[in-house]
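Please keep the sequence and the 3D view at hand while reading.

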Amino acid sequence: MQFLHDLNPLYVLSGFAVGALVGMTGVGGGSLMTPLLILLFHIHPSTAVGTDLLYASVTKTGGSLVHGFNRTIDWRIVARLALGSLPASLLTLLFFHFLAIDPATMNALIARILGVMLLATALALVFRKRLLASYSRRVGVLNQTQTIGFTVLTGVVLGVLVTISSVGAGALGVTALILLYPELPVVKIAGSDIAHAVPLTLVAGLGHLISGGIDVGMLESLLLGSLPGIILSSMLAPRLPDLALRLILAATLTVSGFKLLT
């Protein structure tokens with residue numbers, strides 16, 4: 001009964017909306033949820049980041065199960081990303097713990113940088129064909145060794161950014177994977193990104209939990225809404241045309257970008 005008493009309908013609704021976006025696009029977790037908690041619900045930034053990380057870990061586990069059942073996850077990509085992101089996340093946690101650096105200033109700076117990057121990514125997705133053509137002319141086709149190396153490096157960047165601000169896993173991960181693996185459909189890129197986010201957000205979230213930056217009651221409400229949202233949308237994602245997914249993703253990134261900048 002205490003569990004039902006602690007539930008907040010607005011948190012449940014917010015969890016469902018963000019979970020649905022994550023299931024369809026692989027984007028929307030930290031880039032929407034953290035600004036939503038801070039700006040709309042006036043949650044302290046450190047608490048919002050920590051709670052969102054554990055929320056994302058549980059939510060994306062549900063999405064990963066559905067994507068795995070639909071075979072829309074490339075586990076090679078997941079392993080390569082995790083090879084860079086998990087050590088980077090642990091090192092970032094240790095860095096802030098031992099040096100006692102206040103993350104608020106760094107979080108604000110990264111949020112604004114990411115806001116610009118999300119808007120640029122949205123435009124890039126709308127003009128994806130032109131971007132890929134230009135990328136192919138200038139960079140050419142990467143060999144397997146280069147692709148693996150850049151994927152691991154992408155994981156390192158994601159590990160640092162997600163641990164500090166909870167923002168970046170979906171937006172930056174999906175964008176990088178589109179460029180590194182242009183032959184894959186968007187639904188498989190989204191599925192791989194969701195699967196990789198599970199261990200990354202779990203490690204980073206547990207680090208914040210140890211420092212006390214978690215609101216358990218809020219986490220329960222968010223999960224009650226997000227799990228049905230991500231499961232339903234993950235089932236729908238393989239049936240949506242590639243163009244529709246890209247437009248949904250672009251719209252999600254645009255909203256995220258404006259939220260972060262304002």
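The paragraphs below treat the nonpolar cores, the paired side chains, one backbone feature and a surface patch.

The model is predicted, so local features need pLDDT of at least 70 and side-chain atom pairs count only at pLDDT 80 or more, while totals for chains, interfaces and linings use all residues. Residues are numbered from 1 along each chain as its sequence is written, and side-chain values use heavy atoms, with hydrogens and water left out.

**Nonpolar cores**

A nonpolar core is a set of buried Ala, Val, Leu, Ile, Met, Phe, Trp, Tyr and Cys residues joined through side-chain atoms within 4.5 Å. Buried means under 20% relative accessible area, exposed over 50%, and partly exposed in between, with a 1.4 Å probe and protein chains only. The largest such core has 24 residues, and Ile 77, Leu 177, Tyr 181 and Ile 189 have the most contacts inside it. Two or more residues each come from α4 (45–69), α5 (75–99), α6 (103–126), α8 (144–165), α9 (169–180), α10 (186–210) and α12 (242–261). The greatest contribution, five residues, is that of α9. Helices (H or I, at least four residues) are DSSP runs, numbered from the N terminus. Apart from this core lies another, of 20 residues, including Tyr 11, Phe 41, Tyr 55 and Leu 223.

Contact means heavy atoms within 4.5 Å. With neighbours within four places in sequence left aside, Tyr 181 touches Ile 77, Arg 80, Thr 147, Thr 151 and Ile 189. Thr 147 belongs to helix α8 and is buried, at 10% relative accessibility. Under the same exclusion of neighbours within four places, Thr 147 is in contact with Leu 142, Leu 180 and Tyr 181.

**Paired side chains**

The whole structure contains one aromatic pair. Rings of Phe, Tyr and Trp (its six-membered ring) pair if their centres lie within 6.5 Å; planes under 30 degrees apart count as stacked, over 60 as edge-to-face and the rest as tilted. Tyr 11 and Phe 41 form an edge-to-face pair, 4.7 Å centre to centre with 70° between the planes. This pair links distant parts of the chain, 30 residues apart: Tyr 11 lies in helix α2 (residues 9–25), and Phe 41 in the loop between α3 (29–40) and α4.

Side chains of opposite charge can pair when their charged atoms come close. A salt bridge is a side-chain nitrogen of Lys or Arg within 4 Å of a carboxyl oxygen of Asp or Glu. One is found in the whole structure, and it joins Asp 74 and Arg 76 at 3.0 Å, N to O. The table gives the accessibility of the paired residues.

| Residue | Relative accessible area | Class |
|---|---|---|
| Tyr 11 | 13% | buried |
| Phe 41 | 16% | buried |
| Asp 74 | 8% | buried |
| Arg 76 | 53% | exposed |

**Backbone and surface**

Most residues other than glycine have a negative phi. Arg 71, although not a glycine, has a positive phi of about 60°. Arg 71 sits in the loop between α4 and α5 and is exposed, with a relative accessible area of 71%.

Leu 123, Val 126, Phe 127, Leu 243 and Leu 247 form a nonpolar patch on the surface, with about 480 Å² of accessible area together. Such patches are made of residues with over 30% relative accessible area and no salt bridge, nonpolar side chains (Val, Leu, Ile, Met, Phe, Trp, Tyr) being joined within 5 Å and like charges within 9 Å. Accessible areas come from the Shrake-Rupley method with a 1.4 Å probe; for residues, only the protein chains shown count as cover. Two or more residues of the patch come from each of α6 and α12. Leu 243 is part of helix α12 and is partly exposed, at 49% relative accessibility.
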